[in-house]
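I opened the notebook to record what I looked up about packing and strand pairing. The entries follow the order in which I checked things.

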Amino acid sequence: MKTYQILIFLLAILFVSCTESSIEDFVVGENFIKNKTGIVMVDTLTISSSLVKYDSIASNSSDRFLLGSNYNSVSGYKNSNMFLEMTFDDDISYTEFVFDSLCLVMDYDTYSFGDTTVTQTFSVHQLKKEMELDDDNYLYTTSQFAYEETPLGTISLKPKPNSHKKVSIRLSDKFGNRLSEMIRLKRDTITSSVLFNTFFKGLVVKSQSDIKGAAVGFYTTDTESTTSTTSSSDITKPEIRLYYHLKPNPENLSDLYYKFSFNSDGIYFNQISSDESNSLIDGISDTDNERSSKLTNNYLFVQSGIQIFSKIKIPYLENLLLTAENSAFIAATLRLYPVKGTYTNTDDLPTSLYVYSADRKNVISGQFYLPGSTSDYAYAQLTIVTDVEETVYYEVDITTFLNTELNEELLTDRSIMIGYGTTDAKTTIDHVIFGGPNSGKFAPELNVYYFHN
Amino acid sequence: MFIISTTKSKRTRMNIKKIIVALLIIFQGITLLAQNSTSSPYSAFGIGELEMTSGGRNTAMGQTGIALRSDLFLNTSNPASLTAISPQSFIFDLGVNFEYTQLKNSTKTADATDGNLSWLQMAFPISKKLFGGISLNPKSSVGYNIFTTKSIDGTSTTYPSIYEGTGGLSEAAGMLAWKLTKNISFGAKAGYLWGNVAQTLDESIAVSSTIYTITKEDDVRYSGSYFNIGTQISIPVSTKSSFVLGGIAGISSRLNSEISTTITKTYSSTSETISSDVKTTGSMKLPLDIGVGLSYLYGNKWIATADYRRCDWRDATLDFSSNKLSINNSYRGGLEFSPKNDPSLFRQATKYRLGFRYESGYLNIYSNQIHEQAVSFGIGIPIKKDRSYANFSVELGSRGTTKNSLVQEKFVKLNCSFNLWDKWFTKRQID
């Protein structure tokens with residue numbers, strides 16, 4: 001029986017025989033296995049780029065009134081006027097009063113872009129007709145409404161967007177007296193907002209165009225003061241104040257006014273125009289609103305207010321995988337470098353830009369996702385690397401875009417559009433100037449990573 | 001003609017029981033053969049680390065065997081040796097091994113322990129002049145984890161690259177030996193090889209804020225066959241001593257491979273297959289071993305033997321890497337001493353064995369030949385009144401170099417084998 005027992009013993013040994021090792025982190029020479037398999041990065045793919053201007057942006061009911069004019073050499077002058085409706089929202093406490101003055105009062109919301117040291121002139125005009133939305137309930141940066149030539153008032157100032165001071169534009173006394181009379185009589189035109197609207201159809205605050213100044217923002221809502229300093233008063237949406245005093249004034253009341261407030265339930269929008277003459281995109285509308293960056297001093301450019309996108313195309317993308325047989329696409333990033341000197345401070349640069357895909361007619365088909373995500377879109381993120389020298393660039397992961405392109409049977413002719421998102425587009429007049437292809441160290445970088453088998 | 005009567009002896013019944021157990025073990029063994037029994041990065045080359053599986057006695061004697069003959073111990077390195085077994089006997093040999101390896105490169109050391117079945121083999125006489133044998137054993141083992149750092153081609157960015165290999169080839173062979181005269185024997189061995197070797201390559205890079213892992217899986221399915229011959233000639237010198245001259249040669253071999261490649265890309269908990277199951281087939285000639293051996297036997301107590309083998313791997317190109325394979329020259333020597341052996345007594349004696357071997361190596365990496373050298377010690381202990389043995393051996397050796405980012409391995413191989421001798425069939429007993 002001894003043999004039999006031995007066999008059982010061996011059987012048991014076989015069951016426990018196994019491999020155990022501590023070589024998990026045993027690193028052998030890099031070329032221990034010499035083969036060509038590995039990850040390759042290619043940054044030599046041709047990029048063609050251009051600037052694409054879009055007609056108009058829906059700009060009604062945005063969170064900011066934009067007023068002012070700024071300039072850049074690529075796209076020329078930008079100018080924004082604000083259109084709004086007012087309503088009387090005060091109780092008529094006194095009918096026996098003496099009219100003092102009529103003022104339009106607005107609060108800076110701290111936004112500005114451009115040169116605030118330049119004196120700019122704003123004028124307030126009464127609208128001739130009530131504003132109306134289009135069929136889709138929109139008004140655009142290009143929408144027009146007629147207004148009285150003669151302004152109710154004007155002001156010339158150097159905007160102080162961070163001053164927490166109100167802008168007060170003195171309006172015509174004649175109009176003030178007329179409103180005073182209506183208040184004293186408690187006219188329906190004053191007390192009913194519908195009737196008031198037919199009497200006072202709204203106003204436009206116009207900025208003098210073609211000024212190399214700044215565009216500034218004003219609040220559209222009442223806000224509690226964010227500063228704790230007692231000197232600053234509460235922030236208000238735009239309002240017209242009719243200042244008066246009592247005569248006699250037994251209680252010695254002062255600083256009295258009746259208030260006509262901006263009607264935030266009504267129609268309001270920013271009208272933004274541009275003057276491209278003598279700029280790098282002068283006459284862009286004659287060439288389907290597109291201009292190659294070769295013709296713009298090798299600049300790429302994004303602009304808000306007037307929507308201008310940087311369009312990136314990779315014309316020989318399909319060659320990538322042809323040149324590398326057995327290779328598999330992994331990922332790709334695109335970097336755009338803002339040209340140093342075209343911005344004063346990196347704080348002036350937006351922290352991210354939107355990235356869209358567009359068809360061959362430049363019609364935007366939407367944003368694309370980050371790899372593996374069905375909820376997170378890819379954005380061009382501002383990256384500042386401070387080494388010996390400060391390197392500033394926007395990087396976007398375009399893996400999903402290229403994946404879609406590479407999986408198409410036919411050439412799609414799709415392009416990547418980089419620019420401001422719709423919210424920024426209607427509430428800011430910003431721009432960033434990037435280097436275009438062949439512009440040396442600010443040229444865009446397309447880094448394509450693939451696995452070479 | 002063998003007739004098993006209805007009235008079997010006790011011994012015959014024992015035999016059948018044992019054969020059933022043996023078959024069970026073989027069945028186990030087939031699945032276990034696929035197990036890793038190496039942790040050597042060198043197993044990434046060729047068909048993996050080659051196993052030496054000719055028998056427990058051979059292992060203790062420096063893996064010699066071309067000129068070894070024995071009626072007690074199985075030796076499959078030369079099929080002609082089967083003619084040494086006595087009529088109506090049956091030898092069954094089962095071996096297992098454990099290996100401790102210390103790996104060392106210029107900066108680090110690591111260790112690994114592996115174990116596996118070494119062989120299952122048996123031999124039996126067919127007639128007075130004809131002998132047969134079968135064997136089942138691992139042919140090669142692949143088991144490596146190679147962690148390297150590569151740089152993305154076109155940048156200075158580095159990324160981890162991990163190669164992992166598992167699997168190996170198994171071998172099943174049948175042997176036939178023919179005793180031409182008392183002193184001249186010929187043998188032939190035909191084998192079938194099969195197995196799977198899987199290599200997985202994992203490479204990870206971060207692009208933007210996403211980490212991508214590329215996994216390339218190469219699954220190689222091997223199958224092939226070979227045919228070897230061998231001869232042994234005994235030359236008596238005196239009544240006390242004799243020589244044995246042996247020779248082996250590979251006649252033909254073929255190994256077919258079918259590689260399935262799958263590349264997957266994993267990122268942000270998404271996994272997509274980039275390309276799958278790209279099948280490529282290949283075929284190569286396995287190197288044909290040639291070898292000569294000489295033994296000197298003295299007074300039933302001493303056996304000294306020496307082998308030389310040559311194995312040309314230069315045309316064997318089935319390989320993941322572009323490293324060239326070259327010729328392996330083996331020089332092996334062994335000694336067996338049985339101090340109490342006395343053929344006049346029906347009692348088996350303990351065997352003491354030692355050996356050495358030097359392999360010039362068939363791997364040539366960075367123009368460095370990966371040699372291997374080892375010394376071995378062993379003992380064969382009788383385990384029954386009759387002629388079975390338990391063999392234990394230990395082999396101490398080293399392989400490779402720490403130069404040029406390579407790896408030096410120091411290993412201790414323990415081998416344990418059970419050489420079971422029994423009567424093949426007993427004659428009918430008289431009622």
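The entries below concern a predicted model, and they go from the nonpolar cores to the strands.

Entry on the cores. I looked up the largest nonpolar core and found that it has 109 residues, with A:L67, A:F301, A:I330, A:V355, A:I418, A:F434 and A:Y449 being those with the most contacts inside it. I noted that strand β19 of chain A, residues 327-336, gives the most to this core, namely 7 residues. I then checked the domains, and this core draws at least three residues from each of domain 1 (40-54 + 289-452) and domain 2 (64-273) of chain A. Apart from this core I found another, of 29 residues, which includes B:Y42, B:V220, B:Y222 and B:L286.

Entry on A:Y449. Which residues does A:Y449 touch, not counting those up to four places away in sequence? I listed A:I39, A:M41, A:I330, A:A331 and A:A332, together with B:I205 and B:V207 from chain B.

Entry on β26 of chain A. I read this strand as residues 445-452, with 6 of its 8 residues buried. Strand β19(A) pairs with β26(A) in the antiparallel sense over 8 bridges, and A:A331 has A:Y449 as its bridge partner there. Strand β2 of chain A, residues 38-42, also runs antiparallel to β26(A) and is joined to it by 5 bridges, with A:G38 partnered by A:H452.

Entry on chain B. I looked up an open sheet of 3 strands, ordered β12-β15-β16 with antiparallel pairing, whose edge strands are β12 (324-325) and β16 (368-369). Between β12(B) and β15(B), residues 363-365, I counted 2 bridges, and B:K324 has B:N364 as its bridge partner.

Note on methods
Residues numbered from 1 in each chain as written. Chains lettered and ligands numbered in written order. Predicted model: local features only at pLDDT ≥ 70, side-chain atom pairs only at ≥ 80, totals over all residues. Core = buried A, V, L, I, M, F, W, Y, C linked by C-beta atoms within 7 Å. Buried ≥ 20, exposed ≤ 12 C-beta atoms within 10 Å, placed from the backbone. Helix = DSSP H or I, 4+ residues; strand = E, 2+ residues; numbered from the N terminus. Domains from an automatic or database assignment. Contact = placed C-beta atoms within 7 Å. Pairing = 2+ DSSP bridges.
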